[in-house]
Amino acid sequence: MTALEQLSLYLAYPFVVNALLVGALVALCSSLLGTTLVMKRLSYIGDGLSHVAFGAYAVAAVAGITRDLLVIAPVTVIAAVLLLRRGQSSKVKGDAAIAMMSVAALAAGYLLMNVFGARSNISGDVCTTLFGSTSILTLTVFDVALCAVLSVAVVGGFALLYNRIFAVTFDEGFARASGLPVDRCNLIVAAMIALVIVVGMSLVGALLLSALVVFPALAAMRVCRTFKGVTILAGIIGVSCAIAGMAVSILASTPVGSTIVLMDAGVFALLCLVGKLRGRVLKDGR
Amino acid sequence: MAYLFCSDLCVGYAGKPVVEGISFAVGAGEMLCIVGENGSGKSTLLKTLLGLIPPLSGRLGFGGGMGAQEVGYLPQGDKAQRDFPASVWEVALSGRVSRLGSRPFFSKADRAAAEGALARVGALPLRDEAFATLSGGQQQRVFLARALASEPRLLALDEPTTGLDPESSETLYREIDGLLTEGVGVIAVTHDIAGALPHATQVLLLADGRASFVGGYAHGTGNGGAR
């Protein structure tokens with residue numbers, strides 16, 4: 001059986017189609033927001049929030065709430081808003097606040113699962129949550145619908161706010177002086193990031209989610225010189241790496257999350273090389 | 001009628017005053033130069049005027065039908081993010097955000113204004129260049145285009161000639177003179193006293209936590225109590 005035949009066989013299963021759909025949507029959302037996050041030196045907010053989402057997941061699991069997204073989503077959004085609303089005057093700086101929140105939530109989540117865990121295989125559960133090894137293949141129709149709605153909201157919101165997001169990211173002082181509601185804009189972006197992280201948890205898991213946010217943007221920056229170009233290319237890289245990664249993981253029986261992230265890392269390395277070569281050519285031409 | 005005025009203004013951070021007793025008014029075609037040593041409160045004052053930080057006490061307001069969105073801002077050039085992926089065109093067009101109102105996207109008029117601003121500072125040929133790869137003088141010209149794209153009635157300049165070679169500084173001052181003739185009001189915070197003074201109508205010196213006018217320059221009025 002060729003790889004293509006094997007793939008089309010798998011595509012007949014609805015859970016595979018669901019996984020591909022959700023994977024592509026999450027990758028699109030996170031790579032769109034990635035450029036802004038990287039440039040605002042907020043690469044770690046994804047990591048911090050994903051740990052908060054893990055803590056919320058543990059609470060939902062212990063409380064026996066099957067629709068755990070309904071617990072995780074609001075908690076993570078609140079955490080994101082709290083992190084961004086503290087402002088510069090706060091006594092605890094941004095990186096410290098992210099570190100505290102993320103470590104505390106991680107510890108609380110693990111403790112809850114360890115003490116009250118219904119199942120005996122705790123380390124297995126934790127691994128699954130952090131690395132998302134199988135959960136994307138067990139998505140329910142409800143999960144898929146929720147992901148689709150959130151993705152449309154995030155992509156639509158990003159498109160409508162694109163010009164303002166650029167202004168705030170490029171030069172916050174200028175945006176503020178221009179009378180732009182910078183705080184409100186930051187708040188909306190924070191909420192979108194939180195939503196993407198909530199949805200992304202089910203794809204690559206909490207730990208590897210940062211890679212999904214950071215890699216496509218950084219890879220696109222190697223070869224594109226405009227913000228629009230970087231944003232579009234990051235979206236393309238994110239989506240194609242997610243789909244290709246899932247296809248590989250189906251065919252080679254590798255863990256989904258790690259495969260996607262390694263795919264992203266590979267594209268980053270490749271575009272680094274392309275950028276370097278092109279830079280050299282340009283230099284020689286001058 | 002003054003575009004921007006303040007009387008007995010006190011500026012500072014977190015309730016701690018840095019400069020007190022600031023009173024001035026800037027109207028059409030006037031240029032106020034704010035000078036002083038490092039740490040004398042020049043930047044604090046400019047940030048307060050731009051609404052980035054709240055005043056501690058005193059009065060600060062717009063006149064002559066001005067609004068905050070009609071203030072163009074040229075930040076210190078060396079603060080630009082070195083590795084930010086953006087073209088010159090994207091940076092210039094972002095000057096129009098203050099005119100967006102509730103619209104999500106830029107209109108044809110917005111694009112025309114940004115293009116006009118780029119042409120005016122002679123940066124139109126750089127349109128598709130990456131902003132990060134430009135020289136300091138070129139970046140400053142693009143920032144000026146961004147400020148002019150919003151068609152401001154008042155222009156706030158923060159150390160406009162820092163990091164520029166003499167030729168670029170001269171070009172910038174010529175541009176400012178042109179704007180003054182067209183009736184734009186200018187407020188400039190600067191170290192470059194010798195370069196800026198010939199263009200200023202008023203000079204405000206910040207020292208020891210107080211503001212005082214230095215009179216007698218160019219077309220200067222130097223009227224210490226200018227409301």
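Q: How many residues does the contact take from chain A and from chain B?
A: Chain A gives 25 residues and chain B gives 29 residues, where contact means heavy atoms within 4.5 Å. This is a predicted model, in which local features need pLDDT of at least 70, side-chain atom pairs count only at pLDDT 80 or more, and totals for chains, interfaces and linings use all residues; side-chain values use heavy atoms, without hydrogens and water. Residues are numbered from 1 along each chain as its sequence is written, and chains are lettered from A and ligands numbered from 1 in the order in which they are written.

Q: Why is the pair B:Arg146 and A:Asp171 called a salt bridge?
A: The closest N and O atoms of B:Arg146 and A:Asp171 are 2.9 Å apart. A salt bridge requires a side-chain nitrogen of Lys or Arg within 4 Å of a carboxyl oxygen of Asp or Glu, so the pair qualifies. The count between chain A and chain B is 1 salt bridge.

Q: What makes up the side of chain A that touches chain B?
A: That side divides into 14 nonpolar, 5 polar and 6 charged residues. Ala, Val, Leu, Ile, Met, Phe, Trp, Tyr, Cys and Pro count as nonpolar, Asp, Glu, Lys and Arg as charged, and the others, Gly among them, as polar.
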